[in-house]
Amino acid sequence: MDKNAVKTVLCERLALANIPYQRQGNQVLTASASLMFQPQALILRKPGKAERALPYHKVRISQLLLNLQEAGLSA
């Protein structure tokens with residue numbers, strides 16, 4: 001998937017999963033993470049964790065959503 005496809009699908013799935021988020025340009029903010037859409041990779045920032053760069057061809061939307069949901073439930 002390319003950057004725009006990942007961003008669109010991710011936002012659709014966040015809405016379906018009832019995970020509150022804000023979209024600001026190339027950034028998506030949730031209660032538990034900040035996702036930045038760079039030209040070559042998705043940058044995942046979570047408090048207390050190391051920043052991760054995920055190339056778009058390796059992004060698994062279902063795994064990312066599960067990660068965001070679990071973080072939101074434990075907060």
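Predicted model: local features only at pLDDT ≥ 70, side-chain atom pairs only at ≥ 80, totals over all residues.
**View 1. The hairpin formed by strands S1 and S2.** Strand S1 covers residues 21-24 and strand S2 covers residues 27-30. The two strands run antiparallel and are joined by 4 bridges. Across the pair, Tyr-21 stands opposite Thr-30 in S2. Between S1 and S2 there are 2 residues. Gly-25 lies in this turn and has a positive phi of about 65°.

**View 2. The salt bridge between Arg-45 and Glu-51.** Side chains of opposite charge can pair when their charged atoms come close. Here the N to O distance between the side chains of Arg-45 and Glu-51 is 2.6 Å. This pair counts as a salt bridge because 2.6 Å falls within the 4 Å cut-off. A search of the whole structure finds 1 salt bridge. Arg-45 belongs to strand S4, which spans residues 41-45. With a relative accessibility of 37%, Arg-45 is partly exposed.

View 3. Is Ala-41 buried or exposed? Ala-41 has a relative accessible area of 12%, so this residue is buried, the limit being under 20%. Leaving aside neighbours within four places in sequence, Ala-41 is in contact with Met-36, Ala-53, Leu-54, Pro-55 and Tyr-56. Lys-3 is 38 residues from Ala-41 along the chain, and the C-alpha atoms of these two residues are separated by 7.8 Å. In a regular strand the side chains alternate between the two faces of the sheet.

Note on methods
Residues numbered from 1 in each chain as written. Heavy atoms only, no water. Pairing = 2+ DSSP bridges. Buried < 20%, exposed > 50% of the residue type's maximum accessible area, 1.4 Å probe, protein only. Contact = heavy atoms within 4.5 Å.
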